[in-house]
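I opened the notebook to look a few things up in this structure. Here is what I wrote down as I went along.

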Amino acid sequence: MKKYHIAVLPGDGIGPEIMDEAKKVLGVVAKRADVQFEMEEGLIGGSAYDRYGTPLPEAVMKMAAASDAVLLGAVGGPKWEPLDYSLRPERGLLGLRSGLGLYANLRPVVVFEDLIDASPLKPEVIRGIDLLIVRELLGDAYFGKPRGVRVENGQRIGINTMVYTEAEIRRIVKTAFELARGRRKKLLSVDKANVLEVTELWRDVATETGRDYPDVELQHMYVDNCAMQLIRNPGQFDVIVTTNMFGDILSDEASMLTGSLGMLPSASRGEKTAMYEPSHGSAPDIAGKGIANPLATILSAAMMLRHSFGLPEEASVVENAVRMVLKAGFRTVDIRQEGATIVGTKAMGDLVAEKVGALMA
Ligand code: IPM
Ligand code: MG
């Protein structure tokens with residue numbers, strides 16, 4: 001029997017609640033398929049800080065690096081906002097990303113037919129949308145130096161540095177071209193080349209890299225225009241590749257096409273161990289209430305089955321189970337619709353797990 005070792009890092013806020021449901025679904029997959037998932041849990045973010053005084057304990061970093069895949073919930077919350085930057089929950093996540101060398105963050109945006117009315121946008125604008133945001137994850141102002149706040153001439157000055165080497169740009173753009181090749185063969189590179197030199201370089205390197213992919217149509221767009229086009233006509237996009245910061249912002253925006261941030265899974269890849277996590281945050285305002293939407297985490301687990309474990313059929317089963325539960329009219333509050341049955345986090349997880357079991361029987 002094939003055995004996979006998963007580092008499970010629930011994190012903060014709603015993290016533990018939504019992770020329970022993903023584990024439930026994986027448990028059913030394991031029971032029905034001929035595989036075994038060894039799940040080892042660790043603390044990350046604020047919960048790790050509370051216990052160990054650091055948002056990324058060394059043992060957790062080691063455990064993650066030694067695993068076949070990492071499944072993460074979410075980190076952060078107001079409780080830890082007063083902390084020094086180096087101790088904040090978010091540093092734990094960023095440390096994990098860089099420690100695992102995860103430079104490519106894949107955020108697929110797919111609209112479920114049954115959720116079309118849950119989106120604030122008109123049905124005709126979002127129907128059939130299937131786009132993929134490829135966000136660079138290890139560069140930009142997120143990691144650039146110098147950084148910090150210091151006093152100069154009697155006043156405070158805040159500094160972050162947006163920086164990319166051409167090698168960093170090339171590897172993420174290559175990843176995006178490869179992914180576009182397996183899809184509709186359209187790649188959009190998003191930058192702010194009219195203002196920022198670093199993205200002028202981004203555009204040049206994207207164009208150069210494109211010469212190796214004559215079968216893929218490459219276009220460029222400024223990020224402000226892209227933000228507007230995502231709302232105006234999102235159907236025009238196939239694969240979008242962009243910087244860490246622009247990708248962070250555009251992916252939150254794109255999530256609303258699907259009706260809720262609670263529906264968006266993500267995968268982060270590097271050379272070795274990959275990490276899977278919902279695109280949403282820890283939602284401290286609803287933590288512990290049992291109402292969070294676990295579907296983005298469950299769909300992230302499906303991406304893990306497909307991309308890290310080579311189990312595409314099982315992954316499709318999980319995705320289909322989600323689709324069927326939505327079709328049957330079940331919704332968490334974030335995707336509530338008239339006439340739908342509102343369920344909590346656990347009930348939603350149960351429904352999906354049950355469907356997975358039925359589909360694999
Ligand atoms: C995301 C999040 C993170 C990011 C935060 C929590 C550090 O917003 O994954 O999009 O900015 O990358
Ligand atoms: Mg974000």
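I began with the buried residues of helix 10, and my list runs Leu-295, Ala-296, Thr-297, Ile-298, Leu-299, Ser-300, Ala-301, Ala-302, Met-303, Met-304 and Leu-305. That makes 11 of its 13 residues buried, so I noted the helix as mostly covered, with buried meaning under 20% relative accessible area. I kept in mind that this is a predicted model.

Next I checked the length of helix 10, residues 295-307. Counting 1.5 Å a residue, its 13 residues should span 18 Å, and I found the end C-alpha atoms 18 Å apart, which agrees.

From there I went to Pro-312, which I found in helix 11 (residues 312-327).

My last stop was ligand 1. Which residues surround ligand 1? I noted Glu-90, Arg-97, Arg-107, Arg-135, Tyr-142 and Asp-248. Then I looked at polar side-chain atoms facing oxygen atoms of the ligand: Arg-97 has one at 2.7 Å, and Arg-107 has one at 2.8 Å. For Tyr-142, a side-chain N or O atom lies 2.5 Å from a ligand oxygen. On its own ligand 1 has 320 Å² of accessible area, and the protein covers 79% of that.

How values were computed. Residues numbered from 1 in each chain as written. Chains lettered and ligands numbered in written order. Predicted model: local features only at pLDDT ≥ 70, side-chain atom pairs only at ≥ 80, totals over all residues. Heavy atoms only, no water. Helix = DSSP H or I, 4+ residues; strand = E, 2+ residues; numbered from the N terminus. Expected span 1.5 Å × (residues − 1). Buried < 20%, exposed > 50% of the residue type's maximum accessible area, 1.4 Å probe, protein only. Near = heavy atom within 4 Å. Polar contact = N/O pair within 3.5 Å; in protein donor to acceptor, adjacent residues only side chain to side chain. Areas by Shrake-Rupley, 256 points an atom, 1.4 Å probe, with all protein chains shown as cover.
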